Amino acid sequence: MLLPFLVGTLLLVGLPAVMSAGLAFTSYDALSPPVYVGFANFRTLAADPLTGIALGNTLFFVLLAVPLRVLGALALALLLSQRRRGVGAYRAAVYLPTVIPDVAFALIWLWVFNPLYGPVNLVLQGLGLPMPGWLADAETAKYPFVVMSLFQIGEGFLVLLVGLRGIPHQTYEAATVDGGSRIQQFRWITLPLLAPWLLLLTFRDVVVAVQYTFTPSVLMTGGDPYYSTLFLPLLIFEEAFDRFRFGLGSALMLSLFLLTAVAFVVVYSVFRWRGYADDI
Amino acid sequence: MSTASRLGAPLVAALVAAGSVGALPAAAQDPSVVAPAGDVSFMVFGDPAELVAYQELVTSFEAAQPDIDVELIHIPDQADYRQRLGLDFSAGTPADIVLINYRRYAQFAARGVLEPLGPYLDQSELVGEAEFYPEALEPFRWMGELMCIPQNLSSLVVYYDKALFDAAELPYPTDHWTWEEFLATAKALTLDTDADGRTDQFGLGTEASIFRVAPFIWQNGGELVTLSDRGLPIRLAFDTPAAREAIQWFVDLQVVHHVVPSAVEEAAEDSESRFQNGRTAMFLNSRRGVPTYRQITGFDWDVAALPQHTEQAGILHSDAYCMPASAASKDAAWKFIEYANSAPGQSVIARSGRTVPSLVEVSQSDAFLDPAAKPANSQVFLSSLPTIRAVPVLPGWVDIEELAGEELERAFYGNASVDEAIAEAIARTQVFFGPGE
């Protein structure tokens with residue numbers, strides 16, 4: 001049963017990843033054969049200010065988006081976990097933005113954050129508040145990326161919804177009998193029993209968030225204004241396919257992979273310290 | 001598609017490319033040996049109106065050469081087109097005929113993936129080298145060999161909205177106006193019509209790039225690049241007094257005079273769209289905009305020459321038909337290129353308004369100068385030819401333009417001083433210049 005997936009993953013993900021890692025140590029323009037250059041690409045990347053800018057932008061996005069996305073999914077799952085009239089429609093509404101094609105989703109948000117004609121700034125103007133330049137202003141350009149990512153949390157929401165339904169009712173009933181408040185029940189029952197799911201979600205979200213910015217940055221800003229939305233995936237793409245520097249692009253890709261691995265270890269360590277990591 | 005698989009796609013493309021590099025054929029064939037027949041693919045960019053012109057060209061060619069079918073591949077956006085072109089070359093599967101700008105073909109020519117077309121042109125019975133404007137052919141010579149056949153040679157001109165000039169009771173621009181007159185006109189046409197403190201109509205629309213600022217640098221007696229003793233470009237020359245002064249003047253159009261939209265206003269609606277909607281009076285563009293602007297029904301428009309300063313100068317815009325060395329049916333591909341650049345072929349595209357034909361004969365015919373078709377002053381594209389100049393042709397020019405453009409844009413929108421932008425532009429682009437030998 002699993003064989004097709006295993007073969008597909010090995011051929012379409014594993015093998016290209018290994019070959020890409022190999023290219024990281026070459027100078028390769030895709031039009032002539034690669035030339036081995038050792039660690040020269042990594043030295044070039046270390047000396048290029050754009051690498052640091054892209055890394056900083058990516059970290060900014062991950063550190064802001066991941067907690068907000070996980071907490072948002074948790075809040076919505078708690079809110080919509082009870083069987084109530086019409087709850088199905090609300091759950092569908094939460095999930096719906098996740099299935100909108102990435103390109104269409106990015107174009108919608110390009111309009112939403114239009115600095116003069118977009119609904120966000122028109123509302124702000126109506127309230128007499130300042131109208132930020134959003135994507136046109138280096139100071140604010142990254143925030144729309146975070147906001148739009150918060151509307152694509154359907155998968156995390158579903159996972160937590162399932163997790164919540166797996167918690168036996170009797171546990172809550174026993175707590176109620178013992179006089180436990182709703183907050184105490186959340187703190188001492190819901191949260192510990194959901195912890196393995198939250199860990200899984202956080203792991204997954206770190207991976208998603210590192211790569212999430214690619215389509216929106218290509219379509220909405222192209223890295224502008226002045227590199228304020230130049231995230232690592234966009235820089236990798238530009239190095240390889242705009243500038244034919246596949247070696248540098250691969251070296252960046254390898255660095256991004258290692259960065260994600262480090263993030264994994266950090267998240268795992270935090271949860272392990274809290275004693276939840278062995279539950280998954 | 002998940003983000004993971006999105007990033008996987010470039011990897012796969014790279015691997016495909018790795019496997020196919022060795023398969024690229026390189027030798028030119030004698031075009032007279034094999035009878036041309038079969039299918040060829042032809043990739044173009046442009047607005048829907050431009051696409052119609054190329055569709056007409058293909059129809060016209062297929063009527064003349066029934067044995068050859070042409071598949072037209074259309075990528076609307078120019079930036080997407082460049083990316084697609086790069087990806088196709090990387091994968092070893094470019095279209096058989098591609099349009100490439102003279103600023104960008106060198107990166108492909110230097111890597112040997114283009115078929116030199118000079119030998120083909122020499123043997124052509126349909127069209128000869130002497131029939132082209134030399135200004136169009138020269139930039140496409142790489143190491144002395146003609147690599148591609150240019151379809152056009154536009155200069156940068158000022159498109160202007162006659163209705164807005166009439167409303168402001170301003171005279172239309174002449175072909176001999178000055179920087180001062182240009183600025184005064186732009187100021188008079190920049191209006192806050194509803195007095196809400198926000199500009200509703202701009203006098204001018206332009207992008208901030210090397211390509212737009214270059215003619216003004218030349219007009220001020222400056223140079224874009226410094227040349228080595230052997231005449232090869234070795235660095236950007238933005239820091240020379242004449243170049244710096246021109247850049248400052250260009251930047252001041254936005255930062256000081258506000259006759260051009262700010263970064264926020266440009267992001268809300270770009271200048272070309274504002275021009276088409278009758279809310280920007282003048283717009284800098286090449287001939288490329290004509291097919292789209294001909295669809296404007298709300299007002300009358302025309303073109304004028306760029307304003308002049310201490311010297312006269314314009315900047316060359318030229319795209320050419322190039323043949324990747326990997327083209328499967330080179331003879332059939334050449335037949336199409338040959339036809340597209342013969343008088344009948346160039347006439348088809350010229351009638352659409354898309355090009356200033358590179359063939360002298362067609363440029364002086366009604367196909368281009370039709371008095372019934374806009375712009376009425378098409379002659380300005382020809383009269384500016386004696387002073388037209390080209391940017392350097394270098395494999396790294398694409399990178400130089402991109403990096404310097406980022407810096408110029410920063411200054412243009414008031415986020416850096418001109419001196420800061422110039423220093424950064426020179427420092428960041430230096431690596432892409434050759435040793436000058």
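Tyr160(B) has Met282(B) as its bridge partner in E12(B). Please note that this is a predicted model, in which local features need pLDDT of at least 70 and side-chain atom pairs count only at pLDDT 80 or more, while totals for chains, interfaces and linings use all residues. Residues are numbered from 1 along each chain as its sequence is written, and chains are lettered from A and ligands numbered from 1 in the order in which they are written.

Strand E8 (residues 157-161) and strand E12 (residues 280-285) of chain B run antiparallel and are joined by 4 bridges. Strands here are DSSP runs of E with at least two residues, and helices are runs of H or I with at least four, numbered from the N terminus; two strands pair if DSSP finds at least two bridges between them. In chain B, an open sheet of 4 strands has the order E9-E12-E8-E13, with mixed pairing. Its edge strands, E9 (202-205) and E13 (301-305) of chain B, each pair on one side only.

Let us turn to packing. Phe336(B) is in contact (C-beta atoms, placed from the backbone, within 7 Å) with residues including Val40(B), Phe61(B) and Ile97(B), leaving aside neighbours within four places in sequence.

Finally, the interface. Chain A contributes 36 residues to the contact and chain B 29 residues. On the side of chain A that touches chain B, helix H1 (3-23) is among the elements giving two or more residues, and H1(A) gives the most, with 7 residues.

Notes
Contact = placed C-beta atoms within 7 Å.
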